[in-house]
Amino acid sequence: MLYLPTLISIVEVLIVTVPVLLTVAYVTVAERKTMASMQRRLGPNIVGYYGLLQAFADALKLLLKEYVSPTQANLVLFFLGPIITLIFSLLGYMVVPYGPGLALNDFNLGILYMLAVSSLSTYGILLAGWSANSKYAFLGSLRSTAQLISYELILSSAILLVVMLTGSLNLTVNIEAQRVIWFIIPLFPVFIIFFIGSIAETNRAPFDLAEAESELVSGFMTEHAAVIFFFFFLAEYASIVLICILTSILFLGGYLYDYIPLFSLMEYIDIEYYMNNLHNESIFSDPLIEGLLYGLTLGVKSCVMIFIFIWARASFPRIRFDQLMSFCWTILLPIVIAFVILVPCILYTFEIIPTNIILL
């Protein structure tokens, strides 16, 4: 019985990690099908029903391919880079609240932890690009590092504005503070800036300058193949899903479903009773059903954000790298700093600065 806590921890991690990896697999299929529809073509439709097994076919192909490594590469760092990137992409899911108390570790510095973990994945990209001893990979890693570090400042500043409204770095507290109104409404310009920064942060088109095929072949992944290329692939899409979940948590109310029953369950619920007891007790008294609804709500909001990511990729052309960096430092950063000054002034003027009081 000494190993029971360790066994429980392993089971909890698997319960979170396995669905995340399956979600990442199907996000790739969803992206290909969505972009195919937008570009008037079919997309994957052969492997499995409507192409639903295409992700597993691609994964199997990459896992079974013969691996060829560059002769002049630093092999230790060459293999370590993709592993570091994937691990730090998955570590962020540890603090995601899928419902009240439904997180692996719901500690008070969750937002800070998520920023730190997402920043550390940059080291894996840098190591992989440098150790390959290839000009294309090295230029791609330098671009990716400069891009990630630049837009991390935009993201952290936008998150700071949300923290100013809640007074806490705890993700659950930030969600519960949105029971009155989602933060996307008072902070809509900040949401747009955060979304643009998220696309650049995850190296997605039109900001995928680190992997620009027309310039750098495949960027920092040029020399990688088979399994370790698959690690990079998983890390990229895991980061996309994580940043969409974070966007849902900070601006779209996270797991809150208070507005859904008013429209979709009108015929089953006494609306007057619901409005009178909105903050006293849940309509869905069964904890299992309530937990499923919390998770489903967060999933639907995150899927909407993922669709917007795919929509942006299919709609906008790629811009030059100097235009991207100039857009960050000369346009987005001054706007965010202006909001960082404006929002506290508004909170102070109306005397609504949040305070966390601990009663001993």
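The model is predicted: local features need pLDDT of at least 70, side-chain atom pairs count only at pLDDT 80 or more, and totals for chains, interfaces and linings use all residues. Residues are numbered from 1 along each chain as its sequence is written, and side-chain values use heavy atoms, with hydrogens and water left out.

**Helix α7**

- Residues 188-201 form α7, with 14 residues; helices are DSSP runs (H or I, at least four residues), numbered from the N terminus.
- From first C-alpha to last, α7 reaches 19 Å, close to the expected 20 Å (1.5 Å times one less than the number of residues).
- Of the 14 residues in α7, 11 are buried (under 20% relative accessible area, 1.4 Å probe, protein chains only).
- The buried residues of α7 include Phe 191, Phe 194, Phe 195 and Glu 201.
- Among the elements covering the buried residues of α7 are α4 (110-131), α5 (135-166), α9 (226-251), α12 (287-315) and α13 (321-349).
- Asn 203, which follows α7, has a positive phi near 60°.

**Second largest pocket**

- The second largest pocket holds about 430 Å³ of space.
- Its lining has 18 residues, and Thr 23, Tyr 98, Ile 245, Gly 295 and Gly 299 lie nearest the centre.
- Two or more lining residues come from each of α1 (4-38), α9 and α12.
- With eight residues, α12 gives the most to this lining.
- By class, the lining of the second largest pocket has 14 nonpolar, four polar and no charged residues.

**Pocket terms**

- A pocket is an open set of points on a 1 Å grid over the protein atoms alone, where a 1.4 Å probe fits, with protein on both sides within 12 Å along at least five of seven lines; lining residues have an atom within 4 Å of a point.
- Volume is the space filled by probe spheres set on the points, which are joined across faces, edges and corners.
- Ala, Val, Leu, Ile, Met, Phe, Trp, Tyr, Cys and Pro count as nonpolar, Asp, Glu, Lys and Arg as charged, and the others, Gly among them, as polar.

Methods. Buried means under 20% relative accessible area, exposed over 50%, partly exposed in between (1.4 Å probe, protein chains only). Contact means heavy atoms within 4.5 Å.
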